[in-house]
Amino acid sequence: MKTHIKNLIVAIGLIFVLGAFTIPPKNINYKCMIQLTNYTGEGAYIVVSILDKNNDYIETLYVQGDDNEWYRDLEEWWKKYYGKKRPDIDAITGETVTGGQRKMTILRIPEDKIDSGYKIRFESAVEDQEYYKDDVEFDLTQDNLNSKIEGKGFIRYIRMIPQ
């Protein structure tokens, strides 16, 4: 009986030890082109996030605009994610781009989020103009990632290509 208990304790210990060495999900790089509409005014701040089925923010993939003074203009992201948790985000890029311009960036999307019920959201805001919570939003599926998706606000469209 004591041998069985010892074996059980060893087995449980091994489970905990092996669980500590889990492999993080693989990221797939997508080249993402964001084409803006022809608007006048300041550069657009854009944030790209992964959301779950309840619209809870899981991860920020990209932030266009490096002056965090204006992040609160991205209202939903600020209220429910960044302004609340202030996580370190390594996806922040340089300056914004203005109306009619385009921006190319690489989005690192966790493979386990694709075709698993998650979605991707592009929020946009321009100083002294509108804010679009879901300028571009779509289910994070392989088909959608290979499509041109039209925007509703400052973003004319986005196009993504796997790398």
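Is Lys119 buried or exposed, and at what relative accessibility? Lys119 counts as buried, at 17% relative accessibility. Buried means under 20% relative accessible area, exposed means over 50%, and partly exposed lies in between (1.4 Å probe, protein chains only).

This is a predicted model, in which local features need pLDDT of at least 70, side-chain atom pairs count only at pLDDT 80 or more, and totals for chains, interfaces and linings use all residues. Residues are numbered from 1 along each chain as its sequence is written, and side-chain values use heavy atoms, with hydrogens and water left out.

**Salt bridges**

Side chains of opposite charge can pair when their charged atoms come close. The structure holds seven salt bridges. The term means a side-chain nitrogen of Lys or Arg within 4 Å of a carboxyl oxygen of Asp or Glu.

| Glu76 | Lys79 | 3.9 Å |

Glu137 lies in strand E6 (residues 131-139) and Lys119 in strand E5 (residues 119-126), so the pair ties together parts that are 18 residues apart in sequence. Helices (H or I, at least four residues) and strands (E, at least two) are DSSP runs, numbered from the N terminus. Glu137 is partly exposed, at 27% relative accessibility.

Lys152 is exposed, with a relative accessible area of 57%. Asp134 is partly exposed, at 26%.

Shared partners join Glu76, Lys79 and Lys80 into one salt-bridge network. Glu76 and Lys79 both belong to helix H2 (residues 75-85) and are three residues apart, about one turn of the helix. Glu76 is buried, at 13% relative accessible area. Lys79 is exposed, at 54%.

**The sheet**

Four strands form an open sheet in the order E4-E1-E8-E7, with antiparallel pairing. Two strands pair if DSSP finds at least two bridges between them. Strand E4 (102-110) and E7 stand at the edges, each with a single partner strand, so one side of each has no neighbour in the sheet. The twist averages 25° from one strand to the next. Axes here are lines fitted to C-alpha atoms, and angles run from 0 to 180 degrees between N-to-C directions.

Strand E1 (residues 27-36) runs antiparallel to E4, joined by nine bridges. Cys32 has Thr105 in E4 as its bridge partner.
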